[in-house]
Amino acid sequence: MLDSLLSLGGLVLLRDSVEWEGRSLLKALVKKSALCGEQVHILGCEVSEEEFREGFDSDINNRLVYHDFFRDPLNWSKTEEALPGGPLGALRAICKRTDPGPITIALDSLSWLLLHLPCTTLCQALHAVSHQDSCPGDSSPVGKVSVLGLLHEELHGPGPVGALTSLAQTEVTLGGTKGQASAHILCRRPRQRPTDQTQWFSILPDFSLDLQEGPSVESQPYSNPHIPPVDPTTHLTFNLHLSKKEREAKDSLILPFQFSSEK
């Protein structure tokens, strides 16, 4: 399932942590999109273009369209190559393209954007890009759009994280055990029940994705790992279990329809 995330389209949220970084998986998915012949745009805000491209061969690098917001995010140098409107302006420009083919947009990272832009503004832009088949005012058809957003969720409160989660068609929460990385994948589709799966994987030095067999676990119904489970016995007005004294009293009670020598 991990290797077919991009075929689903929409916003794919990559949730990483200090212990399990997600940029390597982001780059692996970017490479897969490029090899599939899709247009791939990178909005680089958190690391330099050289660092992001490192590890890709020349063929992959030639297929990537890199929008550099790391070197001069506010365009203080007033260069002509900078897109007006910053990262969100770049998103709108990508949406207005004339080529109707499928496209992948990698946001490196959503956390950087959240720290520099209002959450509502960012969410509106993401919704417009990942949920529309065509852009307002543009009659040209737009192909499948996949938006890969890298989110360092430890940097944000539950409000912004919850807002982005509600927009995402797919959530990938990175984790692992004993040095083996795993991805818990939650997919939401209209008029369908959410589906979830855990995929074990590793990233090769050339950023190819190597799917692996992980520890066997029993299939369980979906439950949101970010919402604490509710105890069904909370606030009950009666006890579900009898004490020893109550059980003895129950056993010694003679029911009206029970025949005994005492009646």
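A salt bridge is a side-chain nitrogen of Lys or Arg within 4 Å of a carboxyl oxygen of Asp or Glu. This is a predicted model, in which local features need pLDDT of at least 70, side-chain atom pairs count only at pLDDT 80 or more, and totals for chains, interfaces and linings use all residues. Residues are numbered from 1 along each chain as its sequence is written, and side-chain values use heavy atoms, with hydrogens and water left out.

Q: Which residue meets the side chain of Arg15 in a salt bridge of 2.9 Å?
A: Arg15 is buried, with a relative accessible area of 2% (buried means under 20%, exposed over 50%, partly exposed in between, with a 1.4 Å probe and protein chains only). The 2.9 Å contact, taken from N to O, joins Arg15 to Glu153.

Q: How many residues apart in sequence are the parts that Lys144 and Glu38 tie together?
A: Lys144 and Glu38 form a salt bridge whose closest N and O atoms are 3.3 Å apart. Lys144 is partly exposed at 30% relative accessible area, whereas Glu38 is buried at 13%. Lys144 lies in the loop between α6 (119-131) and β5, and Glu38 in the loop between α1 (23-35) and β2 (39-44), so the distance in sequence is 106 residues.

Q: Which helix holds both Asp59 and Arg63?
A: Asp59 forms a salt bridge with Arg63, with the closest N and O atoms 3.1 Å apart. Helices are DSSP runs (H or I, at least four residues) and strands are runs of E (at least two), numbered from the N terminus. About one helical turn separates the two residues, which are four apart in helix α3 (residues 58-63).
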